[in-house]
Amino acid sequence: MSRSAVPFPLPPGTDAPPTCEVPQFDPVRVRGGRHQPHRLVRHRRRAVAVGLAVTAAALVAAGPYPGAGGQDAQRARGHPVTEPVRKRHGARLVSAPVRIADAATVRLLRPGDRVDVVAAGAGGAGDASVIARGVRVTKVPGPVDGTAAGGALVVVSVPRATAHRLVGAGAASRLAVTLC
């Protein structure tokens, strides 16, 4: 049907269907409706607890408040009053070159390996003592021409006092290593 076939437009509201009766329904009940106030209170308590925790963390991170004077200005609020922690200065490590008697053993070593350095008695009587335990190998230099008979060099990272013992033991006896 074309628009020209309708002689005039219909008045508003005449194109709606006729009214009819709506059937009677039982009331709709939501499950758990009785506990709703308790649930809101429980979540409100959590929200307040989280808010307090965030506020406390922000106050501690902010440090001392600007109006504080004297010794208390140096301490952050929220921290217990304690003496400052002293930094420990552990044994400083030094690199110590060690000549190992057996060059073939040194070829087994790689940087990062842990070794024990053992000094064999000078007289060959079977006396052996551990000079350094669990020291880290930092470098294994390549062999120099003609020095294979005299052993091979290994650089280890040890405390300064242990480096002194290694030098003394290397001058007096033959040194060997065992892998840890």
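Predicted model: local features only at pLDDT ≥ 70, side-chain atom pairs only at ≥ 80, totals over all residues.
The chain has three helices and five strands, arranged from the N terminus on as α-β-α-β-β-β-α-β. Of its 180 residues, 17% count as buried. Among contacts between residues at least 6 apart in sequence, 61% join residues at least 24 apart.

**Nonpolar core**

- The largest nonpolar core comprises 22 residues, and Val117, Val156 and Leu166 have the most contacts inside it.
- At least two residues of this core come from each of the following elements: strands E1 (93–100), E2 (114–120), E3 (128–139), E4 (152–159) and E5 (174–179), together with helices H2 (103–106) and H3 (160–172).
- In soluble globular proteins, nonpolar side chains tend to be buried together.
- Val156 is in contact with Val94, Ser95, Ala96, Val98, Val115, Val135, Arg136, Val137, Thr138 and Leu166, when its neighbours within four places in sequence are left aside.
- Leu166, with neighbours within four places in sequence again left aside, is in contact with Ala96, Val98, Val117, Ile131, Ala132, Val156, Val158 and Leu175.

**Strand pairing**

- E1 and E4 pair in the antiparallel sense over eight bridges, and Ile100 stands opposite Ala152 in E4.
- E3 is joined to E4 by three bridges, and these two strands run antiparallel; Lys139 stands opposite Val155 in E4.
- E2 and E3 form an antiparallel pair over six bridges, in which Arg114 stands opposite Arg136 in E3.
- E2 is also joined to E5 by six bridges, and the two strands run antiparallel; here Ala120 stands opposite Arg174 in E5.
- Strand E2 has five of its seven residues buried, so it is largely enclosed by the rest of the structure.
- Strand E4 is likewise largely enclosed by the rest of the structure, because six of its eight residues are buried.

**Helix H3**

- The 13 residues of H3 should span 18 Å at 1.5 Å a residue, and the end C-alpha atoms lie 19 Å apart, which agrees.
- The buried residues of H3 are Thr162, Ala163, Leu166 and Ala169.
- Viewed down the axis of H3, these buried residues fall within an arc of 130°, so they line one face of the helix.
- An α-helix has 3.6 residues a turn, so residues three or four places apart point the same way.
- Arg160, His164, Val167, Ala171 and Ala172 are exposed residues on the face of H3 turned away from its buried side.
- The cover over the buried residues of H3 includes E1, E2, E3, E4 and E5.

**Individual residues**

- Leu166 has its place in helix H3 and is buried, because its relative accessible area of 3% is under the 20% cut-off.
- Leu166 and Ala119 are 47 residues apart in sequence, while their C-alpha atoms are 8.8 Å apart in space.
- Thr162, also found in helix H3, counts as buried at 10% relative accessibility.
- Thr162 touches Ile131 and Ala132, not counting residues up to four places away in sequence; Ile131 and Ala132 are also among the contacts of Leu166.
- Leu108 is found in the loop between H2 and E2 and is exposed, because its relative accessible area of 60% is over the 50% cut-off.
- Leu108 and Val140 are 32 residues apart in sequence and 9.8 Å apart in space, C-alpha to C-alpha.

How values were computed: Residues numbered from 1 in each chain as written. Heavy atoms only, no water. Core = buried A, V, L, I, M, F, W, Y, C linked by side-chain atoms within 4.5 Å. Buried < 20%, exposed > 50% of the residue type's maximum accessible area, 1.4 Å probe, protein only. Helix = DSSP H or I, 4+ residues; strand = E, 2+ residues; numbered from the N terminus. Contact = heavy atoms within 4.5 Å. Expected span 1.5 Å × (residues − 1). Arc of directions from axis to C-beta. Pairing = 2+ DSSP bridges.
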